[in-house]
Amino acid sequence: MKHSIDHKSPIPFHIQAETLLRKLIEEEEYQNGKIFPNEVDLAKQLAISRTTLRQAINKLVFEGLLVRKKRIGTKVAGGVVSSRSNNWLSFSQEMKLRGIPIKNFELHVTWVYPDEAIANFFEIKTDRKILKMERVRGKPYEPFVYFISYFHPRVGLTGEEDFKRPLYEILENDYSVIATLSKEEISAKAADALIADKLKIEQGSPLLFRKRLVFDQGERPIEYNLGYYKADSFIYTVESSR
């Protein structure tokens with residue numbers, strides 16, 4: 001592999017490394033399962049720190065483009081598509097535009113220690129508490145989605161905010177944090193006992209599961225969001241343009 005980054009460029013090294021890795025992901029040999037060079041060797045080849053390289057790799061892992069396996073290495077995730085969605089809105093804003101009245105059935109805000117996956121996404125340590133918000137929402141007569149959101153401490157949320165307001169409106173107007181990029185992963189799941197109770201459905205019922213990773217203007221992570229939708233009450237549409 002003969003690739004390099006421009007050390008004289010004003011573009012941060014981790015962004016250049018991420019761009020390089022995205023190009024490698026498209027190469028046939030890596031699409032066919034070839035393992036990426038290990039972090040030590042690749043960082044040395046690019047003349048950047050291992051921490052900087054890992055920042056780029058972590059981002060692609062959480063997009064679902066790369067997978068890591070102990071004692072094996074990093075390789076391209078099979079059958080995964082990642083896309084950037086333009087003009088996306090908060091759930092409240094989208095439902096308002098559709099003319100759908102929304103009721104909050106539950107709202108819980110707590111401070112928790114992140115697990116390793118969330119800490120890696122936020123690039124913080126697991127001993128640093130972050131704000132967690134859980135909401136059960138739906139039409140006035142029935143809940144149809146259970147959201148769990150985790151926020152980077154950098155955002156500044158205290159937990160005392162009026163979360164009846166649209167979330168991204170709060171971030172932008174109160175904290176000057178502008179959510180500009182959403183990377184989403186959608187799959188099917190069966191409801192476990194907790195989610196079945198939240199959504200008032202039978203355990204094992206089908207769900208639409210969506211993981212949303214949200215970034216600010218500098219592509220810094222600000223929110224890690226998990227959404228569990230009742231399959232018979234919601235259709236998730238993705239619109240892309242090129």
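Mentor: Ala, Val, Leu, Ile, Met, Phe, Trp, Tyr, Cys and Pro count as nonpolar, Asp, Glu, Lys and Arg as charged, and the others, Gly among them, as polar. By that scheme, the lining of the second largest pocket divides into eight charged, five polar and five nonpolar residues. This is a predicted model, in which local features need pLDDT of at least 70, side-chain atom pairs count only at pLDDT 80 or more, and totals for chains, interfaces and linings use all residues. Residues are numbered from 1 along each chain as its sequence is written, and side-chain values use heavy atoms, leaving out hydrogens and water.

The pocket (an open set of points on a 1 Å grid where a 1.4 Å probe fits, with protein on both sides within 12 Å along at least five of seven lines) holds about 360 Å³ of space. Among its 18 lining residues, those with an atom within 4 Å of a point, E39, R50, R54, R68 and T74 are the closest to the centre. Two or more lining residues come from each of α3 (39-46), α4 (50-63), β1 (66-69), β2 (73-76) and α6, these being DSSP runs of at least four residues for helices (H or I) and at least two for strands (E).

The largest share, four residues, comes from α4, so let us follow that helix. Within α4, the residues T52, L53, A56, I57, N58, K59, L60, F62 and E63 are buried, that is, under 20% relative accessible area with a 1.4 Å probe, protein chains only. Just after α4, G64 takes a positive phi of about 85°.

Notes:
Points joined across faces, edges and corners; volume = space filled by probe spheres on them. Buried < 20%, exposed > 50% of the residue type's maximum accessible area, 1.4 Å probe, protein only.
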